[in-house]
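Hello,

Here is the structure I promised to pass on. Please open it beside this email and follow along.

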Amino acid sequence: MIKNALLNNLLKCKSPDELIEAGSVSGLKKTLNVFDLIIIGIGAVVGTGIFTIIGSAIQGGVDSLGAGPAVVLSMLLAAAASVFSALSYAEISAMIPVAGSAYTYTYATMGEFMAWMVGWILMLEYAIGNITVASAWTGYFVQFLKGFKHILPAWVINCPLWLRNDYRTMYAMCDKFGWDIHTKMPFINTPDWFSNITRISEIPFAVNLPAIFIVLVLTLLLIKGVKESTKFASIMVAVNLFIIISFILVGSFYVCPENWHPFMPNGFDGVFMGAFVIFFAYIGFDAISTAAEETKNPQRDLPIAILGTLIICTLLYVLAALVLTGILPCHAIDTQAPLAHAMRCIGKDWYAGLISVGALCALTTVLLIYQLGTTRILFAMSRDNFLPKSLNAVHKKFRTPHIMTWLSGIIVIVCALFMDLNVSAELCNFGTFTSFIIICLTVLILRKTEPERKRPFKVPFCPLFPILGILTCALLMYCKFRSNSDSSLYFLLWLFIGLSIYAGYGYRNKRQNEN
């Protein structure tokens, strides 16, 4: 009897009508139109892919092979995996225009337990992904400040490394360059009781101050209102697009086709690894759906925004990759600031500085949108009683979930103290692939369980396209698991932590609120 009750609770679904009704009385202000949604999508997709991740995809890293000039194929493969998922997002977000994204859609199809796990994975996708972007933002910000070396004080231009890096990155830098860690980082003496237990008398200290600063600023902006946030994002995206398009036009005159040989230096393994890395940027489709409850006409605008974002961003990705790999041989491409470095190599120093400004705008937009996604998913989970109800409060003046917004900002700040860019990016990828697979599954399930429900947009060639979306995402995940990287182990650990929280708190709190 108890086993049956437990199983029924784990598999208990919320009907789409229940979800829509809950969303209609959430108190969130409906202010977004299709242009705002496309800005959110482009802002989340273009910035990280072109300004940061593309260099790592071309050259590879410790745990993965580089794609070389075949990064173009990696991008097309990532786009192919995305297009099937994007079509699925378009159908289900128009049918169930509610905050929470894949978490909400899972609740309508697979039940309570799977909904919690997907929500937990989305937290990995957004909050941990935000750490990657914040770290990259710091790098470009430091480069930007160096352009004012004749104006700003030297202590601002050359601030200590331990004030602009997390401690893992500091350890890696000291190991790479043979530095004495005690001269590069301050150490804090630990209490006697702590030393007796751990045998550690000193703890190294490092903090990424610029990353913390920008997260705090954007948290305050999101509390003020989502419409105000998208106005700010639209300015940043406009600058971003201008920089990318001008890079493509200017750089095309310096392309040497010889740099495209060998085209696939690491074969198809490199192409698959490159696609896995690039996929980090395609979180933007999910970010659009998280703002469904704040959209004026979600049934019409969400599908247009999702598909429009995919087309625009894929075209920009491919063109930028062709120009970048044509300007420099792959081994000479910088992994931290690839576009700016390429411009310096062809003697365009002034344009390299302009690119740094564009990168700051792009990464600021991505941070804003990731923070928005984190908040709205937590908001939906709290509304369903998986998290304390007190976190679900809406600000009386701004009509935004201010407590949840602060919570998501604090999560990013704390995690940024000890997580480096590469690990957080790969962890975010695992979350993105999983959520895309879930979206394709929910479309297939709802086609069977709710065949008569009105669908403003339908995935063409269903069930073929959703199945192809599942297979392509699963293939890329398998390639990464096969490499035995640290991030794959951390992903499994993240799932275990989520399961423990649900078993220890979420399930009990849910039952108490039902009773």
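**Notes on the chain**

K146 is found in helix α6, which covers residues 112-146. Is K146 buried, exposed or partly exposed? K146 has 35% relative accessibility, so this lysine counts as partly exposed. Now look across to V156. K146 and V156 lie 10 residues apart in sequence. In space, their C-alpha atoms are 9.0 Å apart.

**The whole chain**

Keep in mind that this is a predicted model. The average pLDDT of the chain is 80. A score of at least 70 is reached by 90% of the residues. Where is confidence lowest in the chain? Helix α10, residues 192-198, has the lowest confidence, with a mean of 62. Where pLDDT is low, the predicted coordinates should not be read in detail. Confidence is highest in helix α15, residues 298-327, at 86.

The chain has 21 helices and 2 strands. Of its 515 residues, 57% count as buried. Then there are the contacts between residues at least 6 apart in sequence. Of these, 81% join residues at least 24 apart.

**Helix α15**

Stay with α15 for a moment. This helix has 30 residues. From first C-alpha to last, α15 reaches 42 Å. That is close to the 44 Å expected at 1.5 Å a residue. Helix α15 is also mostly covered, with 21 of its 30 residues buried.

**Two helix pairs**

Two packed helices are described by the angle between their axes and the distance between the axes. Keep both numbers in view here.

Take α11 (residues 209-224) and α18 (residues 402-415). They pack at an angle of about 170°, and their axes are 9 Å apart. Why does this pair count as roughly antiparallel? Angles over 145 degrees count as roughly antiparallel. The angle is about 170°, so α11 is roughly antiparallel to α18. On the α11 side, the contact is made by I212, V215, L216, T219, L220, L222 and I223. On the α18 side, it is made by H402, T405, W406, G409, V412 and I413. By class, the contact of α11 with α18 has 9 nonpolar residues, 4 polar and no charged.

Now take α20 (residues 464-482) and α21 (residues 486-514). Their axes are 8 Å apart, at an angle of about 110°. Therefore α20 is roughly perpendicular to α21. Which residues meet here? M477, K480 and F481 come from α20. S487, S488, F491 and L492 come from α21. The contact of α20 with α21 divides into 4 nonpolar, 2 polar and 1 charged residues.

**Two buried residues**

Go back to α18 and find T405. Its relative accessible area is 0%, so T405 is buried. What does T405 touch, leaving out residues up to four places away in sequence? It touches T219, L222 and I223, and also Q371, T375 and R376. T219, L222 and I223 belong to the α11 side of the contact with α18.

Last, find S246 in helix α12, residues 226-251. Buried means under 20% relative accessible area. S246 has 12%, so this serine is buried. Leaving aside neighbours within four places in sequence, S246 is in contact with G251 and Y351.

Best wishes

Key. Residues numbered from 1 in each chain as written. Predicted model: local features only at pLDDT ≥ 70, side-chain atom pairs only at ≥ 80, totals over all residues. Heavy atoms only, no water. Axes fitted to C-alpha atoms, helices over the stretch in contact; angles between N-to-C directions. Helix = DSSP H or I, 4+ residues; strand = E, 2+ residues; numbered from the N terminus. Parallel < 35°, antiparallel > 145°, perpendicular 65-115°, else oblique. Contact = heavy atoms within 4.5 Å. Nonpolar A, V, L, I, M, F, W, Y, C, P; charged D, E, K, R; others polar. Buried < 20%, exposed > 50% of the residue type's maximum accessible area, 1.4 Å probe, protein only. pLDDT = per-residue confidence, 0-100. Expected span 1.5 Å × (residues − 1).
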